[in-house]
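This briefing is intended for reading alongside the sequence and the coordinates.

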Amino acid sequence: MNIYVSDFLVLYFWLLSEIFKMKISIITVCLNCESTIEDTLKSVESQTYPDIEYIVVDGLSTDRTNEIVRNYSHIVNAHISERDKGLYDAMNKGISIATGDVIGILNSDDVFADDNVISKVANGFVGGVDAVFSDLIYVAEKDLTKATRLYSSKVFSRALIRYGVMLPHPTFYLRKKFYEDYGHYKTDYRVAADFELITRMATNELNMVRLPFISIKMREGGVSSRGLWGRVHQNFEIVRACRENGIYTNIFLVMLKLPYKISTLALRWFVR
């Protein structure tokens, strides 16, 4: 019995050493976000994981955003403020300078759901995993404690990509080597480069694993919200992304995801 306990402890501490050897880079892209950026910064500051590289890429804000970021220089490892060619170009800048083994994106109006999110993300990469994703909740714009609906990743599968069903992008963490192998975000997409990138990774048969917990709180009315025309344009870009990655679809198949979207609204009653 003592031998088994000893073997278990050896394995346990080996797994811990493997987890904590992993550096995780978090990238936040921002532009004139003085009203939300501090919540995001505090969220990173509160993480218990010991090896985080935090990169903030600003698009030359004209408000107090950069001043606020400089106040958190003790956690911000790299701070860029310069003109860019849009959201995805800014993300690519962050990826290019990241030195972590794993990279994730934290939007400038989002926060981590709890202090142990990155520790749980790191734990998910043990055993040859290439990418992880989890669940997201939407919260009231002015009250981060008030959940409004759940964006569950449970339904995601490669087979459903043709219908425009996608995992929550802010919960997606990927080993850096795959950005080097398969490329960064395509900047000729206006609103669906995140969909295209995840589709590209999925079609290359990466070992992508769902972690069954809520990792991100996303504000309603934030940078990811789009009007009617934005949604229409996004759907056409989804069709393009699928075709560019060898997945047959059309706009009518993509529109079939509408019942799924409605079901996520119904789930608000089960979110606490």
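Over the ring of which residue does the charged end of K120 sit? In this predicted model, the charged end of K120 sits over the ring of F213, at 4.4 Å from the ring centre.

**Charges and aromatic rings**

- The ring of Y189 has the charged end of R240 over it, 3.9 Å from the ring centre.
- Four aromatic pairs are present in the structure.
- One of these pairs joins F133 and F156 edge-to-face, with 5.5 Å from centre to centre and 85 degrees between the planes. This pair links distant parts of the chain, as F133 lies in strand 6 (residues 131–140) and F156 in the loop between strand 7 and strand 8, 23 residues apart. Both F133 and F156 are buried.
- Y179 and Y185 form a tilted pair, 6.5 Å centre to centre, with 40 degrees between the planes. Both of these tyrosines, Y179 and Y185, are buried.
- Y88, Y179 and Y185 are linked into a cluster by ring pairs.

- In soluble globular proteins, nonpolar side chains tend to be buried together.
- The largest nonpolar core comprises 74 residues, and those with the most contacts inside it are I24, I26, F112, I118, Y173, Y185 and M208. Helix 7 (residues 193–203) supplies the largest share of this core, six residues.
- Residues up to four places away in sequence aside, I118 touches I24, I26, Q47, Y49, I52, F112 and Y173.

**Strand 4 and its partners**

- Strand 4 (residues 102–105) is covered on both faces: V102 and G104 are buried on one side, and I103 and I105 on the other.
- Four bridges pair strand 4 with strand 1 (residues 24–30) in the parallel sense; I24 has V102 as its bridge partner in strand 4.
- Strand 4 and strand 8 run antiparallel and are joined by three bridges. In strand 8, R175 stands opposite V102.

- S153 lies in the loop between strand 7 (143–151) and strand 8 (173–175).
- Is S153 buried or exposed? With a relative accessible area of 1%, S153 falls under the 20% cut-off and therefore counts as buried.
- The side chain of S153 reaches the backbone oxygen of S134 at 3.0 Å.
- Apart from neighbours within four places in sequence, S153 is in contact with F133, S134, D135, P168 and R210.

Notes:
Residues numbered from 1 in each chain as written. Predicted model: local features only at pLDDT ≥ 70, side-chain atom pairs only at ≥ 80, totals over all residues. Heavy atoms only, no water. Helix = DSSP H or I, 4+ residues; strand = E, 2+ residues; numbered from the N terminus. Buried < 20%, exposed > 50% of the residue type's maximum accessible area, 1.4 Å probe, protein only. Polar contact = N/O pair within 3.5 Å; in protein donor to acceptor, adjacent residues only side chain to side chain. Contact = heavy atoms within 4.5 Å. Pairing = 2+ DSSP bridges. Core = buried A, V, L, I, M, F, W, Y, C linked by side-chain atoms within 4.5 Å. Phe/Tyr/Trp six-rings, centres within 6.5 Å; stacked < 30°, edge-to-face > 60°. Lys NZ or Arg CZ within 6 Å of the ring centre and 35° of its normal.
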